Amino acid sequence: MAELIAKSPCDGLLPVEIGGVTLREVDLGHLTALAPHRGKEKSFAEAMKAAHGLTLPKPGRATGKDGKRLIWFGRAHVLLAGPAPAARLLSHAAVTDQSDAWAALRIEGEGVEDVLARLVPIDLRQQVFKRGHTARTQLQHMNVSITRLGDDAFMILGFRSMATTLVHELETAMSGVAARRAG
Amino acid sequence: MRVNGKGLVDRNSPLSFTFDGRRVEAFRGDTVASALLAAGERLVGRSFKYHRPRGVMGAGSEEANALITVGSGAARDPNVRATVQEVFHGLETTSQNRWPSLDFDLLAVNDLAAPFLGAGFYYKTFMWPRKFWERLYEPVIRRAAGLGALSREHNPDRYEKAFAFCDLLVIGAGPAGLMAALTAGRAGADVILADEDAVMGGRLNGETLEVDGRPGADWAAAVVAELASMDNVRLMPRTTVTGAYDQGTYGALERVAHHLEDRGDRPLECFWRIVAKRAILCAGAIERPVAFRNNDRPGIMTASAVRTYLNRYGVAAGRTVTVFANNDDAHRTASDLVAAGVHVAAVIDSRDDAPDSADFPVIKGAQVCDAAGRKGLENITFRTALGEDKIQTDLLAVSGGWNPTVHLTCHMSGRPTWDPTIAAFVPTPGSVPGLTVAGAANGAFSTHEALQQGMAEAKAALSDLGVKPAGVDLPRAEDGEYEISPLWSVPGKGRAWLDFQNDVTVKDVVQAAAENFRSVEHMKRYTTQGMSPDQGKNSNIGALAVLADATGRGIPETGTTTYRPPFSPVSIAAMGAGVQGAGFAPQRFTTSHVASVGHGAPMIEAGLWYRPSYFPAPGETTWRQSCDREVNMVRNTVGICDVSTLGKIDIQGKDAGVFLDFVYTNTFSTLPVGKARYGLMLREDGFVMDDGTSARLGENHYVMTTTTAAAGPVMRHLDYVHQCLVPDLDVSFISVTEQWAQFAVAGPKSRDLLNALVDETVEDTTWPFMGCAPVTVQGVKGRLFRISFSGEHAYEIAVPSRYGDSLFRLLLARAEAMGGGAYGMEALNVLRIEKGFITHAEIHGRVTAFDVGLGRMVSQKKDCIGKTMSERPGLSGEDREMLVGLKPVGPVKQITAGAHLFEKDADPVRVNEQGYTTSVGFSPTLESYLGLAFLRNGRARHGEEVKVVDHLRGITARCVVCDPVFFDPEGGRMRG
Amino acid sequence: MRLTCPQCGERDRREFYYVGDAVALERPAPDAGDEAWEAYVHLRDNPAGETRDLWYHEAGCGAWLVVTRNTVTHAVLDVVLASDVKGGGA
């Protein structure tokens with residue numbers, strides 16, 4: 001019997017390296033959107049802590065680390081990246097599988113802020129947008145989630161269907177910045 | 001002519017470029033203008049209307065005369081100011097607005113016709129006959145009056161946009177700007193210093209003035225070096241801040257690669273959106289000309305430009321120089337020239353009390369009243385109380401005083417204030433929130449004042465930002481008084497130019513006033529003064545002074561026209577940077593995209609999505625052949641279609657059912673778990689917004705389907721209803737469109753196909769019509785819905801997107817083995833028309849539930865969005881245009897979408913219109929064209945014959961009105 | 001133009017979708033009568049001065065916002081979550 005074969009959103013597109021900045025696709029494991037039920041905000045936070053050891057992030061923040069991260073994902077949602085959601089969370093929050101909905105990219109290298117400044121209309125300066133900060137915003141015309149992972153590293157989540165455009169835009173910006181940095 | 005020992009250009013880096021095909025020698029650091037002047041080229045362009053010979057007039061971005069075209073072929077760039085284009089080896093430049101050549105221009109005949117071409121000429125002359133305007137007058141005028149021309153080819157250059165953020169934006173890097181940036185930079189604030197020049201320093205690079213005991217240019221270079229070493233300071237040379245916008249947003253154009261021989265992957269330009277908590281405008285001032293007869297001759301320049309060419313570029317722009325001024329500042333031009341060994345014939349000063357000089361003759365109380373030398377100045381005539389006299393001179397350096405560069409302070413409706421002591425407009429404080437002004441832009445014309453104001457404004461900004469200032473000493477610099485006696489135009493016969501670019505003279509402005517265009521805004525539009533690329537930087541103040549005089553008012557009462565962004569021209573390509581080619585809009589690809597393209601399917605755009613139009617089989621040569629086959633395939637065997645583009649929204653919470661009851665016209669709270677229901681959504685004004693199927697997956701869990709087109713708007717609507725109207729409901733939603741790859745499996749053999757594929761057994765008991773349940777496909781968990789948009793026994797199967805490509809290929813292989821295959825949008829459309837199913841072709845925003853025959857879906861048992869307004873008189877009843885089907889019965893068997901309906905024997909004119917067609921297709925099932933249409937009181941007119949007229953395509957058909965459900969009206973195939 | 005979203009901070013106007021007067025929050029009862037509904041759906045003031053309107057942070061957190069601003073000076077005076085205005089809360 002034939003088997004269904006999984007394909008990643010950026011299959012065949014990545015990785016690329018231009019002028020010292022690398023762009024690659026990352027497998028974050030399970031992606032789960034969680035929206036606490038009305039009046040269950042506190043118990044949800046407790047259940048999350050107990051089940052996954054993760055602190056519920058404030059707006060604009062991500063908690064945890066590579067492999068297990070909880071990312072603020074908008075007005076109503078947080079995104080659990082890594083483990084499958086514990087069953088106990090179901091009684092506290094709406095749980096929606098998003099594992100296949102997002103293309104997850106990691107972009108890093110010297111000058112990465114300059115690359116993103118070509119595409120993203122928010123203030124990503126290190127002193128303002130620190131490690132562990134996250135934002136829902138736009139990359140060119142696409143709605144994305146951006147999280148700073150390090151001094152020169154960001155994680156970008158974009159719609160799976162737009163992965164080709166997402167990669168194209170980032171590559172274009174990377175080549176423009178690289179040409180300038182070349183002097 | 002180069003002057004030895006002068007200038008900041010690199011004499012060790014010679015290079016050459018071409019101007020009108022001629023080779024011109026230059027040095028690195030030159031502009032095209034400085035190199036042309038060094039080479040003795042005085043004639044560089046022709047004026048807009050009269051085709052008058054023109055030379056370089058200034059040395060900055062406000063240049064009105066020296067407009068050139070740079071490059072050739074597709075990438076050629078017209079209307080570049082020669083004064084800002086830096087030279088590089090091999091640069092190709094050409095003059096503009098002349099034919100056949102710059103030296104011999106046939107259209108210079110316009111100059112002889114000047115008495116007829118004054119203000120309002122076009123308005124008066126080409127009024128009549130009206131139809132001549134488009135065919136004759138406009139093309140002729142466009143050819144005669146003009147600037148450079150575009151290549152009319154695709155622009156091959158790259159452009160970029162970028163965003164930047166800072167504590168303090170300093171606009172202009174002259175003494176005030178450098179001092180401001182230094183003060184803020186040393187204090188640790190995040191500073192952006194932007195300057196339109198390639199070399200920062202502003203006037204300091206064009207003067208011999210000293211700062212802190214050394215040449216001003218050296219001081220500037222040292223400050224720039226210190227700023228460049230600071231991590232918290234970003235220097236942006238070649239960057240013009242073009243506009244001030246709301247909440248501290250500034251637009252800026254960076255010329256990234258115009259000066260480079262080898263651009264590599266660099267963008268040509270970058271358009272920046274800079275967000276600054278505070279900004280200081282240190283844009284300096286622009287020297288203004290004086291209007292006198294023939295003041296536009298090549299060889300007449302501003303006095304400061306002559307100094308700049310001498311001190312910065314080491315170029316004497318003439319051999320025998322005369323200065324004409326009404327202020328002390330211009331006397332420095334004569335001093336600098338004499339010191340450099342250039343002959344100064346005289347300084348002609350309009351003031352009786354002008355200062356004397358030991359180095360050159362000063363003729364006081366005198367005015368230049370004419371200039372001769374058509375293609376290059378030969379002599380000037382001046383007038384004193386004693387009469388007129390001539391001076392042989394090839395360069396006249398003119399100064400009518402200085403206008404502070406107030407433009408940015410006016411971009412948010414601010415109006416500048418008249419300062420009579422300097423005879424100029426100065427910024428009105430507070431005109432742009434968060435922006436202050438320092439230095440010459442603020443009317444402070446001495447170097448000392450500029451430095452001092454730059455420092456003071458930076459300290460004030462630091463205080464606002466809560467940053468502690470660090471130690472910065474104010475350098476020593478000259479602090480001379482600025483003495484000026486206003487002189488706008490020299491009386492006399494002949495034409496005296498105000499706006500050089502648009503050929504507007506003193507006479508034109510006076511004539512405008514005489515014809516009662518007394519408001520400065522009216523004068524501007526009547527004469528076109530200030531409407532050229534320099535936007536009146538050289539002419540506005542002079543023109544309004546002349547207007548004030550002509551109307552007997554003062555300058556402050558006359559006022560200025562409005563200054564709007566951009567400060568200097570910005571190419572459309574830079575404004576639109578980032579949206580060239582693939583950047584225009586994101587492309588959304590389904591998981592089956594690659595396989596569909598592999599099957600030869602032409603893809604069509606559906607919003608941002610790409611969907612297959614049809615899947616051509618071997619031997620098929622037209623889309624209709626493929627479409628007909630695919631329709632038959634679905635009706636007789638089984639077809640596969642990717643429906644992942646439909647919006648899918650996951651809705652959860654204990655109030656989910658109540659919430660859906662509120663957004664849909666029908667009831668969902670009573671829907672059993674494991675069932676789906678068709679729902680209709682209204683806007684609050686009672687018209688249909690969207691439709692789709694929602695399924696109940698669990699007690700508190702639904703998944704809603706929207707149309708492809710409305711996926712975004714429906715999500716926004718749900719958020720609105722929840723947050724703004726019923727925030728107390730416990731419900732949340734998130735789009736799962738991207739999560740699931742979903743395929744329609746439609747046709748009599750669909751169940752057989754699925755049963756061979758999924759782990760469960762698909763039967764009418766487990767998946768009855770409108771049933772839904774989890775399913776497992778080769779071990780992968782998915783969802784299976786028994787829903788149909790084709791009218792056949794059909795399913796939609798959904799799996800996580802990562803398996804979409806694989807599942808599509810599998811479904812396709814199975815279907816093909818059973819005599820079926822994939823079907824595209826064309827077949828999908830025909831299938832749904834045969835069934836009378838609506839899409840946004842029908843629910844286009846002006847139809848009600850009643851109109852589409854779904855009035856009974858608006859539940860009377862509950863409130864919902866749009867219900868109250870849908871009950872308004874006029875939104876139902878026999879006057880409404882109602883959804884009907886149309887079948888051709890006459891000799892013409894074709895119906896077209898968008899055609900109009902008329903009674904059988906009525907004239908096909910607007911007043912007789914009875915409705916229109918919305919969707920049409922050829923039904924291979926019924927072997928006829930079928931149409932869906934809206935027809936007045938249509939449901940009562942089944943059986944009537946109507947005339948269907950497509951005026952645009954010239955098609956008239958006779959059709960019979962019928963029920964919109966053409967095929968299987970009882971729905972037995974779908975339910976069975 | 002920039003708006004300060006209570007959740008996301010200051011953001012460029014491009015991230016927001018504009019709707020219009022915040023009167024949209026005050027939906028009349030179904031039986032409120034023609035005039036109330038007419039006013040709710042169609043009638044809008046167009047003041048030179050302070051307005052209170054609804055914006056959607058569509059490219060951001062997805063919050064509906066009530067923005068108080070001045071149409072003459074372009075000053076943005078206040079931005080609050082619509083769900084808070086309604087007395088509910090997320």
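How many residues of domain 1 of chain A are in contact with how many residues of domain 2 of chain A? The points below take up that question first and then move on to the other chains; the model is a predicted one.

1. Domains of chain A. Chain A is divided into domain 1, which covers 16–27 together with 100–181, and domain 2, which covers 30–97. The answer to the opening question is that 8 residues of domain 1 of chain A are in contact with 8 residues of domain 2 of chain A. On the domain 1 side of this contact, strand E9 (134–139) and strand E10 (142–150) of chain A are the elements that give two or more residues, and E9(A) provides the largest share, with 3 residues. Sorted by class, that side of domain 1 of chain A holds 2 nonpolar, 5 polar and 1 charged residues. The centres of the two domains of chain A, taken over C-alpha atoms, are separated by 24 Å.

2. Contact between chain A and chain C. In this contact, 12 residues come from chain A and 12 residues come from chain C. The side of chain C that touches chain A has, by class, 5 nonpolar, 3 polar and 4 charged residues.

3. Fold of chain C. The secondary structure of chain C consists of 2 helices and 6 strands, and read along the sequence these follow the pattern β-β-β-α-β-β-β-α. Strand E3 (residues 17–21) of chain C runs antiparallel to strand E4 (residues 50–56) of chain C, the two being joined by 4 bridges, and within E4(C) it is Leu54(C) that stands opposite Gly20(C). E4(C) is also joined, by 7 bridges and again in the antiparallel sense, to strand E5 (residues 64–70) of chain C, where Leu65(C) is the bridge partner of Trp55(C).

4. Dimensions and burial of chain C. Taken along the principal axes, the C-alpha atoms of chain C fill a box of roughly 40 × 35 × 20 Å. Of the 90 residues in chain C, 34% are buried. Among the contacts in chain C with a separation of 6 or more, 49% are accounted for by residues 24 or more positions apart.

5. A three-stranded sheet in chain B. Chain B contains an open sheet of 3 strands, in the order E21-E22-E23 and with antiparallel pairing. Its edge strands are strand E21 (367–372) and strand E23 (387–392) of chain B, each of which pairs on one side only, and the twist from one strand to the next averages 25 degrees. Strand E22 (residues 379–384) of chain B pairs with E23(B) in the antiparallel sense over 6 bridges, and in E23(B) the bridge partner of Asn379(B) is Gln392(B).

6. An enclosed helix in chain B. Helix H7 (residues 303–311) of chain B is largely enclosed by the rest of the structure, because 9 of its 9 residues are buried. The buried residues of H7(B) include Ala303(B), Arg307(B), Tyr309(B) and Asn311(B). Those buried residues pack against helix H1 (32–38), strand E16 (285–287), strand E17 (300–302), strand E18 (320–325), helix H8 (331–339) and strand E24 (395–399) of chain B.

7. The largest nonpolar core. This core has 364 residues, and those with the most contacts inside it are Leu168(B), Leu169(B), Ile171(B), Ala180(B), Ile280(B), Val323(B) and Val745(B). The core draws at least three residues from each of domain 1 and domain 2 of chain A. Leaving aside its neighbours within four places in sequence, Val323(B) is in contact with several residues, among them Ala303(B), Thr333(B), Val344(B), Ile348(B) and Ala397(B). Ala303(B) is in turn one of the buried residues of H7(B).

Note on methods
Residues numbered from 1 in each chain as written. Chains lettered and ligands numbered in written order. Predicted model: local features only at pLDDT ≥ 70, side-chain atom pairs only at ≥ 80, totals over all residues. Contact = placed C-beta atoms within 7 Å. Nonpolar A, V, L, I, M, F, W, Y, C, P; charged D, E, K, R; others polar. Domains from an automatic or database assignment. Pairing = 2+ DSSP bridges. Buried ≥ 20, exposed ≤ 12 C-beta atoms within 10 Å, placed from the backbone. Axes fitted to C-alpha atoms, helices over the stretch in contact; angles between N-to-C directions. Core = buried A, V, L, I, M, F, W, Y, C linked by C-beta atoms within 7 Å.
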